[in-house]
Amino acid sequence: MILLQIIVNGLLLGGIYALISIGLTLIFGVVRVINFAHGEFLMLSMYVAYFSYFFLGLNPYLSLIINVPLMFVLGVATDQLIIRPLRNAPSYMQIFATVGLSIVLLNSALFFFTGDYQSINMPFAKKTLVLGGIALSYSRLVIFFSALLVSIGLFLFLQKTDMGKQIRAIAQDRMAAQLMGINLNRVYMVTFGIGSALVAIAGGLIMPVYYVFPSVGVYFVLTAFVVVVLGGMGNMVGALIGGIIIGVTDSLSGYYIDPSLKEVVYFIIFLIVLLVKPSGLMGMVGAEEMGMK
Amino acid sequence: MPHLPYRSLGRPEVYVPCALLAAAILVVLLTENSFYLNLYFMIFIFAGLSGAWNIIGGFGGQLSLGHSAFFGLGAYTSALLFVKFGIPPLLGIFASIAVALVLAAVIGFPCFRLKGPFFTLATIAIAEALQLLAVYFRGITDGSEGLSIPYKPSLLNLAFESKTNYAVVAFCFMLLVLAISRWIQRSQLGYQLVALRDDDQAAESLGISTTRAKITAFLVSGALTALGASLFAQYVLFLEPHSAFSLNISVNLALISMVGGLGTVIGPALGSFLLIPLQELLRGWIGGAYQGLYFVIYGLALIGVVMFMPHGITAFFTNRYLRLISWLPTFAVKDAAVECSSAPARAVVPATSPEPARMPTSSAIPVIEAENISKRFGGVQALFEIGFSVQQRQIFGIIGPNGAGKSTLFNILSAVFPQDQGTVRFMGRDISEITRPYLVCRMGIGRTFQLVKPFENITVLENVMVGAFCRGNNRAAAMSLALDVLDFVGMTEKKDLPGNVLTLADKKRLEVARALATGPNVLLLDEVMAGLTPKEVNEAIDLIKRIRDCGITVIIVEHVMQAVMSLSDRVMVIAEGLKVMEGPPQEVIKDERVIRAYLGEGYELTATG
């Protein structure tokens with residue numbers, strides 16, 4: 001029974017990882033930039049949820065109305081102000097720039113919000129649903145099903161809408177898509193915005209469960225990198241499955257090995273994936289060979 | 001060639017750097033203020049550490065953001081050996097280096113086969129994992145409380161009573177890194193790294209094992225980082241996992257190198273001389289009072305450097321420095337005037353034309369023989385059961401409409417990707433199982449690319465030298481061979497131009513020169529005339545004939561019919577992956593199937609009707 005409970009906990013945790021990773025993998029797959037500031041975007045959106053609750057009394061689920069557009073704008077601004085001038089620079093320059101942004105955001109938060117841990121006291125977050133002896137936290141269930149919904153929504157958006165089709169076209173072949181009249185810059189901008197808006201959903205939803213503090217994003221983003229590589233870079237479904245696998249791994253190794261070593265376990269998984277199947281579980285075979293320029 | 005350093009001391013490009021370094025050490029020796037001595041130590045140690053990072057990050061263009069793994073591991077190894085087993089750090093540093101080499105191999109082998117950001121992510125992950133392990137195994141490392149190293153001054157312990165000695169040790173470390181960097185830059189490895197940083201595929205085609213070059217650079221880089229970290233540990237006498245393995249250290253090494261100038265020998269040292277004092281000052285002013293503000297400025301600086309001065313301050317100083325050098329006099333130190341690094345070696349190499357590596361004497365065996373080559377990409381049958389053979393000293397033309405599979409065929413011959421079925425024989429030997437382009441090049445099959453891929457950030461001469469190193473030449477021999485090849489293709493006067501300013505015709509010629517320098521028996525030329533003016537086409541035809549006259553077999557893929565027909569001994573026509581025919585040019589040009597393949601059925605109707 002304990003094992004089952006651990007696996008269920010892992011699945012729910014996986015929903016959180018998946019939700020955070022989907023935006024990262026979308027941005028990587030299309031814009032071909034690893035946004036090292038992704039974790040800080042998460043941290044900021046958690047603070048937005050926290051302050052909306054603190055000052056306006058808004059439920060964090062409700063404050064997504066503010067949170068999502070704000071993060072969309074932040075994503076667009078990042079793309080236009082930092083990534084756009086570096087579009088044709090070597091990829092390590094872009095990585096550098098986002099690392100710089102991550103340092104700025106993290107320490108600005110430290111400067112303005114101090115390093116104190118903050119949380120929201122929501123009665124709902126403490127309630128659990130007991131099903132056949134397995135305890136399920138409502139707020140974590142919300143996150144898990146939101147991750148599924150977001151994935152489905154994103155999938156439909158990419159399949160059905162004009163913008164979605166343009167994004168997929170650019171992801172497959174920049175040159176050919178541009179020759180078909182697709183505005184590369186606009187697609188990148190929107191994609192960066194959407195990827196960041198997705199992390200805002202994650203930030204708002206996990207606020208009832210987690211403490212927020214300036215370096216909270218660092219922990220999540222490293223996990224998200226593992227998830228993204230495991231699932232296959234740029235693959236949305238992969239991020240979902242990868243997130244759940246890492247969630248369960250996290251939960252199991254936390255119980256059976258040691259809570260402080262669970263990251264070590266999935267960093268080892270990360271290296272094994274690189275060795276055995278670098279394209280990831282769902283990634284295109286050979287994608288890693290094409291070179292991400 | 002023996003090259004005694006004191007002889008060249010009279011030259012300004014040697015005595016100016018020596019004088020600067022001497023001045024630096026003199027300043028250190030004359031300083032007594034411990035604040036400044038501390039600053040000097042930090043400058044020198046970070047100059048060395050950044051220089052170590054620069055070997056893989058700058059020369060090789062592989063962005064590591066996990067060098068703190070080497071830093072932490074190196075520092076902890078020597079410190080723990082000292083604390084737990086009493087092994088003096090002067091010996092312990094060798095253990096640190098050994099551990100770093102193992103770590104570099106563990107990260108390098110899985111990651112360097114891949115392109116993209118995998119390497120960067122893996123380095124970060126390793127550093128994080130090591131940090132967690134260092135905290136977890138507190139029985140060994142004292143965990144988060146930190147490890148205190150006892151202070152027992154002696155040279156063996158790398159601990160001293162005077163801070164001056166520490167600064168001198170750090171200075172020596174910096175000198176070591178500078179010397180190794182300079183040696184690498186001028187060695188075969190340096191040229192290989194610059195080439196693969198610009199274009200991995202082109203580098204492979206010139207006989208460079210890019211994986212091996214990257215791993216070698218990474219091993220050197222990691223070992224030097226660990227060495228510097230051990231020295232650092234003996235200075236601060238305290239280690240703590242969260243700072244020793246922190247991402248900040250890794251980012252700082254990269255930032256210093258970038259501010260100074262990525263991929264230059266002196267850049268990281270310059271960056272350290274500029275940034276370390278700034279960082280120490282800033283930290284002093286605002287570090288304690290306003291939490292986070294220091295790193296906000298730091299992050300902004302990082303973004304600013306990337307966006308506004310990606311080439312660093314070295315780029316700004318280089319020309320001024322060279323001008324200064326050219327003004328300074330050369331002093332005669334013994335027979336310095338006679339000293340010249342390249343002239344004597346040149347005579348060793350035949351001065352006329354590039355000789356192929358192994359000249360075959362028996363002419364019965366075809367040089368290249370392909371049988372039943374098929375290749376499928378998803379739903380597209382790119383090639384189907386293609387077979388042909390090329391005799392020695394022939395020029396063999398391959399023509400066909402766009403999408404016929406010509407470039408695919410070249411990519412199979414040069415092992416860019418494997419065929420699905422069929423065999424390729426080179427000089428009678430089956431090479432179907434060879435899967436790496438650099439091995440094919442070393443066997444004697446050189447090639448050019450349809451989309452030109454010159455290395456853009458180095459000169460024409462250096463481009464050709466990259467190829468010339470393929471035959472195990474030293475630098476002088478490679479340079480003289482490259483000069484001969486440039487003379488042969490008629491680009492001598494352009495040898496000092498960077499690769500990115502050339503015209504298309506010159507870029508294509510440079511590719512031919514680069515491939516020739518690898519000493520091939522067979523040269524695969526992929527559309528070297530596309531986009532050239534008629535005059536340039538004639539020059540290219542002339543060049544290809546002269547290449548053939550040197551005894552090199554040439555296979556050309558070309559759309560310029562005039563060229564193919566006048567050059568080729570035999571021509572093969574392929575269309576939609578199928579071989580249409582093969583024969584002498586006169587027959588091919590009249591063949592109905594060929595005309596149909598090129599112009600379609602409609603042409604036949606109007607022609608006959």
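Predicted model: local features only at pLDDT ≥ 70, side-chain atom pairs only at ≥ 80, totals over all residues.

Q: Which strand does β6(B) join through two bridges?

A: That's strand β7 (residues 429-430) of chain B, and the two run antiparallel. Here B:Phe426 turns up again, with B:Arg429 as its bridge partner in β7(B). The hairpin of β6(B) and β7(B) has two residues between the strands, and B:Met427 takes a positive phi near 55° there.

Q: What is the order of strands in the open sheet of chain B with antiparallel pairing?

A: Read across the sheet from one partner to the next. The order is β4-β3-β6-β7 (chain B), four strands in an open sheet. β4 (380-390) and β7 of chain B stand at the edges; each has a single partner strand, so one side of each lacks a neighbour in the sheet.

Q: Now a strand from elsewhere in the chain. How many residues of strand β10 (residues 553-557) of chain B are buried?

A: For burial, you count the C-beta atoms around each residue, and 20 or more others within 10 Å makes it buried. Five of the five residues of β10(B) are buried, so this strand is largely enclosed by the rest of the structure.

Q: Which strands of chain B run parallel to β10(B)?

A: Two to look at here. Strand β5 (residues 395-399) of chain B is joined to β10(B) by four bridges, in parallel, and B:Phe396 has B:Ile555 as its partner. Strand β9 (residues 522-526) of chain B also runs parallel to β10(B), with five bridges; there, B:Leu525 is partnered by B:Ile556.

Q: What unit do β9(B), helix α23 (residues 534-549) of chain B and β10(B) make?

A: Follow the path from strand to helix to strand and check its handedness. These three elements make a right-handed β-α-β unit.

Q: On to helix packing. At what angle do helix α13 (residues 247-260) of chain B and helix α16 (residues 312-327) of chain B pack?

A: You want both the angle and the distance between axes. Here the angle is about 25°, with the axes 3 Å apart. Angles under 35 degrees count as roughly parallel, and α13(B) and α16(B) are therefore roughly parallel to each other. Next, find the residues that meet: B:Met258, B:Val259 and B:Gly260 in α13(B) and B:Gly312, B:Ile313 and B:Thr314 in α16(B). By type, the residues of this contact divide into three nonpolar, three polar and no charged.

Q: What does chain B look like as a whole?

A: Begin with the tally: chain B has 27 helices and twelve strands. Then the extent: the C-alpha trace spans about 100 × 60 × 45 Å along its principal axes. Of the 609 residues in chain B, 48% are buried. Finally, take the contacts with a separation of 6 or more: residues 24 or more positions apart account for 75% of these in chain B.

Q: How many residues of chain A are in contact with chain B?

A: For an interface, count both sides, then ask which elements supply the residues. Here 40 residues of chain A are in contact with 37 residues of chain B. On chain A, α4 (91-113), α10 (216-231), α12 (262-276) and α13 (287-290) each supply at least two residues of the side that touches chain B. The largest share, 15 residues, comes from α4(A). By type, that side of chain A divides into 29 nonpolar, seven polar and four charged residues.

How values were computed: Residues numbered from 1 in each chain as written. Chains lettered and ligands numbered in written order. Contact = placed C-beta atoms within 7 Å. Nonpolar A, V, L, I, M, F, W, Y, C, P; charged D, E, K, R; others polar. Pairing = 2+ DSSP bridges. Axes fitted to C-alpha atoms, helices over the stretch in contact; angles between N-to-C directions. Parallel < 35°, antiparallel > 145°, perpendicular 65-115°, else oblique. Buried ≥ 20, exposed ≤ 12 C-beta atoms within 10 Å, placed from the backbone. Right-handed = clockwise from strand over helix to strand, strands pointing away.
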